[in-house]
Amino acid sequence: MNKLIIIGVTGGSASGKTSVSHAILESFTDENIGMIEHDSYYKDQSNLTFEERTKTNYDHPLAFDTDFLIAQLKELRAGRAVDVPIYDYANHTRSNKTYRQEPVDVLIVEGILVLEDERLRDLMDIKIFVDTDDDVRIIRRIRRDIEERGRTLDSVISQYLTAVKPMYHQFIEPTKRYADVIIPEGVSNTVGIDIITTKVASILQENGNN
Ligand SMILES: Nc1ncnc2c1ncn2[C@@H]1O[C@H](COP(=O)(O)OP(=O)(O)O)[C@@H](O)[C@H]1O
Ligand SMILES: O=c1ccn([C@@H]2O[C@H](COP(=O)(O)O)[C@@H](O)[C@H]2O)c(=O)[nH]1
């Protein structure tokens, strides 16, 4: 069995983490590569009313069931498939659906707080921080949350000021110190993406995965 390579991709909300992760995935069309989002492990809140769920701080480490993510990463590392929960952003809770993630050679683990937990960091071979200015991120988030996550302009602004911004400065931005690579401007930074894919290819070769 090949050794699993785990790549952590973090940065603030709407910094471009998903776009960077997809760019890395697309560079390895022949390899066995996959991606897991930390957001899939937001805690189940089906015991709360919708109104109560809107008040949760989704940018705090305690909003996530990181123990479950770590357990599933260890299963994948042991060569066993896992059933990843599917999160429902519009209803702010875990759906009752899952998807099957088979064991892979390279796995990207993406999310705002994936470098915050030391146990998660210790599982990673490469740690990436996508660094995008706050004003660009809020503009992108307004558009995305209204178009894709069922939000109003007022709710996006209020959530940004009360949770997203303060939690970014308290918990996310400080994890930049753990990153091996910082990618300013995300997916537009083609040199940064090339450097990462070259490194991944070299680890795969060293491990004899090809
Ligand atoms: N470099 C970029 N230039 C323009 N738009 C971008 C860029 N990177 C991401 N976006 C857009 O910004 C939004 C958030 O990007 P995404 O990669 O999903 O960020 P994250 O995963 O960090 O929340 C998406 O609508 C995406 O298409
Ligand atoms: O129910 C929820 C769960 C999460 N959020 C917000 O999502 C972002 C993280 O996703 P990105 O794709 O990295 O932006 C986080 O900032 C939470 O505030 C939510 O609004 N509701």
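How do the residues of the shell around ligand 2 divide into nonpolar, polar and charged? In this predicted model, the shell around ligand 2 comprises 6 nonpolar, 2 polar and 3 charged residues, where Ala, Val, Leu, Ile, Met, Phe, Trp, Tyr, Cys and Pro count as nonpolar, Asp, Glu, Lys and Arg as charged, and the others, Gly among them, as polar. The surrounding residues are Ser 13, Ala 14, Lys 17, Asp 39, Tyr 42, Tyr 58, Asp 59, Tyr 89, His 92, Ile 112 and Val 164, a residue being near a molecule if its C-beta atom, placed from the backbone, lies within 6 Å of it.

Residues are numbered from 1 along each chain as its sequence is written, while chains are lettered from A and ligands numbered from 1 in the order in which they are written. Because the model is predicted, local features need pLDDT of at least 70 and side-chain atom pairs count only at pLDDT 80 or more, whereas totals for chains, interfaces and linings use all residues.

The shell around ligand 1 has 14 residues, of which Gly 16, Lys 17, Thr 18, Ser 19 and Arg 140 come nearest. By class, this shell holds 2 nonpolar, 8 polar and 4 charged residues. Helices α1 (17–27) and α5 (134–148) each supply at least two residues of the shell around ligand 1, and α1 gives the most, with 3 residues; helices (H or I, at least four residues) and strands (E, at least two) are DSSP runs, numbered from the N terminus. Lys 17 is named both among the residues that come nearest to ligand 1 and among those that surround ligand 2.

An unreviewed UniProt entry places the feature "binding site" at Gly 11, Gly 12, Ser 13, Ala 14, Ser 15, Gly 16, Lys 17 and Thr 18, and UniProt, likewise in an unreviewed entry, places the feature "domain: Phosphoribulokinase/uridine kinase" at residues 6–190. UniProt positions are given in the numbering used here, feature names are shortened, and annotations may be inferred rather than shown by experiment. In the model, the end C-alpha atoms of residues 6–190 lie 21 Å apart, and the span is 37% helix and 23% strand.

Two of the annotated residues, Ser 13 and Ala 14, lie in the loop between β1 (5–11) and α1. Ser 13 is buried, because 23 other C-beta atoms lie within 10 Å, and Ala 14 counts as buried because it has 24 C-beta neighbours inside 10 Å; a residue is buried if 20 or more other C-beta atoms lie within 10 Å of its own, exposed if 12 or fewer, and partly exposed in between, with C-beta atoms placed from the backbone. When residues up to four places away in sequence are not counted, Ser 13 touches Ile 112, Arg 137, Arg 141 and Val 164, whereas Ala 14 touches Arg 137, Arg 140, Arg 141 and Arg 144, contact requiring that the C-beta atoms of two residues, placed from the backbone, lie within 7 Å.

Most residues other than glycine have a negative phi. Ala 14, although not a glycine, has a positive phi of about 65 degrees, and the phi of His 92 is likewise positive, near 55 degrees. His 92 is found in the loop between β3 (82–88) and β4 (93–101), and this residue is buried because 20 other C-beta atoms lie within 10 Å.

Helix α6 (residues 153–172) spans only 24 Å between its end C-alpha atoms, whereas a straight helix of 20 residues would span 28 Å at 1.5 Å a residue, the expected span being 1.5 Å times one less than the number of residues. The helix α6 bends by about 50 degrees at Tyr 160, the bend being the angle between axes fitted to the seven residues ending there and the seven starting there. Tyr 160 is also one of the buried residues of α6, together with Val 164, Met 167, Tyr 168 and Ile 172, and what covers these buried residues includes α5. Thr 162, by contrast, is found in α6 but counts as partly exposed because it has 13 C-beta neighbours inside 10 Å.

In helix α5, which holds Ile 138, this residue is partly exposed, with 19 other C-beta atoms within 10 Å. Glu 118, placed in helix α4 (residues 118–122), is exposed because 8 other C-beta atoms lie within 10 Å.
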